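Please consider the structure shown below.

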Amino acid sequence: MTLPKTMRAIEISAPGGPEVLTPVEVPVPVPGPGQILIEVHWAGVNRPDALQRAGAYAPPPSASPLPGLEASGRVAALGPDVSGWSVGDAVCALLPGGGYAEYVATPAAHALPIPAGMDLREAACLPETCYTVWSNVFMRGGLKAGEVFLVHGGSSGIGTTAIQIASALGARVFTTAGSAEKCAVCEGLGAERAINYREEDFVDILRAAGGADLILDMVGGDYISRNIKALADDGRLVQIAFLSGPKVELNFAQVMTRRLTITGSTLRPQSDLAKARIAEELRAHVWPLIEGGRLKPVMDSEFPLDQAAEAHRRIESSGHIGKIVLKLR
């Protein structure tokens, strides 16, 4: 494959609102040892991208400063010491950054084949959400069949993915969402009960169900103390974001007397080895669900690359249901 020397990309010209996302022409990256270069066809848009744009989520020192944490496309080149991939292979991948561009380099071990029967557009929606859900709900949170699982933000990319995987693996899934339409979508994906948080108290509903064995939360703020009340004894709370802030006053006597576990993680700062292990588990446990028709990305909207600012306005409006993608080819 003959590669160009430059490519179209979107850079963050300065910390700020969506308007700081600027189309630019930059050099095509060269894959380093253990990396592949991907010719990007579609790139996923995620809330961490908006946080990076606002100056609140800096990329690791070794990562591209360009936004974009997941993409799909075809392998364009192999770095030294790469095996298992060939130029031309269809691929989707978790990225350290740089997805809002026509080419991106990423560790080969963080890439996964496109599931059978899925197109590149849908596959671009898999890496960030699947890595996040699997590592936090199953590897860290230890969700088991028959347990009660509550995921907040059920109509988000993370939420729609978590509902489908947990339901497919036998958990009783509860979720919160902000409208009747969003709740209906969540129940259609496998949630036993979708709670409109504008009209109902999720704490009351979960306590009536015996309490949640596991809660996945990206809201934070006053939800943290409410989550503690909604947990069953020996329950686990996994925190992955703080849309309403990270600081709260909490009575830890409940944590001690009810043997609760509070944990959490962010994906981007983890080591390449940790992410490679997640990829192995996804290939073993989640890719068969996709190929069996039990997990399918919920698509909200698509935008051309040069309209990345509009994609960010869409995700920050919280009006979306499912995933937002950028089209590059």
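In this predicted model, strand S8 (residues 148-151) and strand S9 (residues 172-177) run parallel and are joined by four bridges. One of the paired positions is Val148, whose bridge partner in S9 is Arg172. Both strands belong to an open sheet of six strands, with the order S10-S9-S8-S11-S12-S13 and parallel pairing. Strand S10 (193-196) and strand S13 (261-264) each have a single partner strand and stand at the edges, so one side of each is left without a neighbour in the sheet. On average, neighbouring strands of this sheet are turned by 20° against each other, direction ignored.

Helices pack on this sheet. Helix H5 (residues 180-188) touches S9 and S10, and its direction makes about 165° with that of S10. Because an angle over 145 degrees counts as roughly antiparallel, H5 and S10 can be described in that way, given their angle of about 165°. Helix H7 (residues 223-230) lies across strand S11 (212-217), strand S12 (231-239) and S13, and runs at about 150° to S12.

Asp234 is placed in S12, and its phi is near 70°, a positive value in a residue other than glycine. With a relative accessibility of 41%, Asp234 counts as partly exposed, since that class lies between the 20% limit for buried and the 50% limit for exposed.

The next topic is the packing between two helices. Helix H3 (residues 126-140) and helix H9 (residues 272-291) pack with their axes 10 Å apart, at an angle of about 100°. The two helices are therefore roughly perpendicular to each other. On the side of H3, the contact is made by Leu126, Cys130, Tyr131, Trp134, Ser135 and Met139, while H9 contributes Lys275, Ile278, Ala279, Glu281, Leu282, His285, Val286, Trp287 and Ile290. By class, the residues of this contact divide into 11 nonpolar, two polar and two charged.

Two residues of H3 may be examined in turn. Cys130 is found in this helix and counts as buried, at 1% relative accessibility. Apart from residues up to four places away in sequence, Cys130 touches Thr161, Leu282, Val286, Trp287 and Leu295. Between the C-alpha atoms of Cys130 and Arg236 there are 20 Å in space, and the two residues are 106 residues apart in sequence.

Asn136 also has its place in helix H3. What is the relative accessible area of Asn136? The value is 2%, and Asn136 is therefore buried. A polar atom of the Asn136 side chain lies 2.9 Å from the backbone oxygen of Thr132. The Asn136 side chain also makes a polar contact with the side chain of Ser135, at 3.5 Å. Leaving out residues up to four places away in sequence, Asn136 touches Gly141, Leu216, Val238, Ile240 and Ser265.

Another set of paired strands involves S15. In strand S15 (residues 323-327), four of the five residues are buried, and the strand is mostly covered. S3 and S15 run antiparallel and are joined by four bridges, with Val325 in S15 as the bridge partner of Gly44. Strand S14 (residues 299-304), in contrast, runs parallel to S15, and five bridges join the two. Here Met299 stands opposite Lys323 in S15.

Trp42 is found in strand S3 (residues 35-45) and counts as buried at 10% relative accessibility. Its contacts, leaving aside neighbours within four places in sequence, are Ala71, Ser72, Leu120, Arg121, Ala124, Glu302, Val325, Leu326, Lys327 and Leu328.

Finally, the loop between helix H10 (308-317) and S15 contains Ser318. The phi of Ser318 is positive, at about 60°, although this residue is not a glycine. At 35% relative accessibility, Ser318 counts as partly exposed.

Note on methods. Residues numbered from 1 in each chain as written. Predicted model: local features only at pLDDT ≥ 70, side-chain atom pairs only at ≥ 80, totals over all residues. Heavy atoms only, no water. Axes fitted to C-alpha atoms, helices over the stretch in contact; angles between N-to-C directions. Parallel < 35°, antiparallel > 145°, perpendicular 65-115°, else oblique. Contact = heavy atoms within 4.5 Å. Nonpolar A, V, L, I, M, F, W, Y, C, P; charged D, E, K, R; others polar. Buried < 20%, exposed > 50% of the residue type's maximum accessible area, 1.4 Å probe, protein only. Polar contact = N/O pair within 3.5 Å; in protein donor to acceptor, adjacent residues only side chain to side chain. Pairing = 2+ DSSP bridges.
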